[in-house]
Amino acid sequence: MNTRIVNETFRFVKWLYGRFLPPGYNDFQLEQSMAVKNKSILVGRRARLKDQELEILALSALLYNTGCIEGQYQNRAVSVTIAKGFLKEQGLSSSKIAKVLSCIEATQSDIKANTRLEELMKFVEDAVSGARLNNRGRYRSPELPDVFP
């Protein structure tokens with residue numbers, strides 16, 4: 001895993017939240033992003049992902065909720081725009097950027113995960129964020145994806 005790009009992304013997200021979110025809320029959002037990143041790496045290692053895949057999960061986790069700076073929690077469209085611009089500036093390949101963006105998009109409750117990475121990202125974000133509401137208005141726990149060896 002390229003720790004340089006992960007560390008740069010962390011610094012960027014910390015700056016972004018600090019600049020655009022009110023005190024206290026910026027810390028909450030940064031802690032949430034860090035928790036998703038840390039758990040995604042743990043789950044990814046358990047699933048025996050390669051270093052490049054772990055990097056994609058880490059980047060996705062750090063950037064997945066940056067759209068909240070626009071005043072809406074879980075504004076994934078803005079998160080995707082922010083992630084795309086930042087990762088392009090960092091010189092990431094277009095194929096890696098596309099994978100990061102698809103993992104971010106997969107965290108939306110109404111989007112079905114299509115790849116192993118998307119499934120893991122969705123699972124980790126669900127697990128860290130707590131249970132989501134099912135279609136009957138009751139809370140449900142996230143289901144463990146069938147991606148472990």
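Begin by selecting Arg-48, which is found in the loop between helix 2 and helix 3. Helices here are DSSP runs of H or I of at least four residues, strands are runs of E of at least two, and both are numbered from the N terminus. Arg-48 counts as exposed because its relative accessible area is 63%; exposed means over 50%, buried under 20% and partly exposed in between, with a 1.4 Å probe and protein chains only. Its phi is near 60 degrees, a positive value in a residue other than glycine. Most residues other than glycine have a negative phi.

The model is predicted: local features need pLDDT of at least 70, side-chain atom pairs count only at pLDDT 80 or more, and totals for chains, interfaces and linings use all residues. Residues are numbered from 1 along each chain as its sequence is written, and side-chain values use heavy atoms, with hydrogens and water left out.

**The whole chain**

Now display the entire protein as a cartoon. Its secondary structure comprises six helices and two strands, in the order α-α-α-α-α-α-β-β from the N terminus. Of the 149 residues, 46% are buried. The protein exposes about 8200 Å², of which carbon and sulfur atoms supply 48%; the areas come from the Shrake-Rupley method with a 1.4 Å probe, and for residues only the protein chains shown count as cover. Among contacts with a separation of 6 or more, 61% are between residues 24 or more positions apart; contact means heavy atoms within 4.5 Å.

**Helix 1 against helix 2**

Select residues 3–20, which form helix 1, together with helix 2. Their axes come within 9 Å and cross at roughly 155 degrees. The axes are lines fitted to C-alpha atoms, for helices over the stretch in contact, and the angles run from 0 to 180 degrees between N-to-C directions. Helix 1 is therefore roughly antiparallel to helix 2; angles over 145 degrees count as roughly antiparallel, those under 35 as roughly parallel, 65 to 115 as roughly perpendicular and the rest as oblique.

Val-6, Phe-10, Val-13, Lys-14, Tyr-17 and Gly-18 of helix 1 meet Asn-26, Gln-29, Leu-30, Ser-33, Met-34 and Lys-37 of helix 2. These residues divide into six nonpolar, four polar and two charged. Ala, Val, Leu, Ile, Met, Phe, Trp, Tyr, Cys and Pro count as nonpolar, Asp, Glu, Lys and Arg as charged, and the others, Gly among them, as polar.

**Helix 2 against helix 3**

Next select residues 25–46 (helix 2) and 51–63 (helix 3), which pack at about 160 degrees with their axes 8 Å apart. This pair is therefore roughly antiparallel, and helix 2 passes helix 3 in a right-handed crossing. Helix 2 contributes Ser-33, Met-34, Val-36, Lys-37, Ser-40, Ile-41, Gly-44 and Arg-45 to the contact, and helix 3 contributes Leu-54, Leu-57, Ala-58, Ala-61 and Leu-62. By class, there are eight nonpolar, three polar and two charged residues.

**Helix 3 against helix 6**

Glu-53, Ile-56, Leu-57, Ser-60 and Ala-61 in helix 3 meet Leu-117, Leu-120 and Met-121 in helix 6.

Select Thr-107, in the loop between helix 5 (94–106) and helix 6. Thr-107 is buried, at 0% relative accessibility. Its C-alpha atom is separated by 9.6 Å from that of Ala-61, 46 residues away along the chain.

Move to Ser-79 in helix 4 (residues 76–89); Ser-79 is also buried, with a relative accessible area of 0%. Which residues does Ser-79 touch, not counting those up to four places away in sequence? They are Leu-63, Tyr-64, Asn-65, Thr-66, Gly-67 and Ile-104.

Finish at Ile-69, in the loop between helix 3 and helix 4. Ile-69 counts as buried at 17% relative accessibility. Leaving aside neighbours within four places in sequence, Ile-69 is in contact with Leu-16, Tyr-17, Phe-20, Leu-21 and Ile-82.

Terms used:
A crossing is left-handed if the near helix is turned anticlockwise from the far one by less than a right angle, and right-handed if clockwise.
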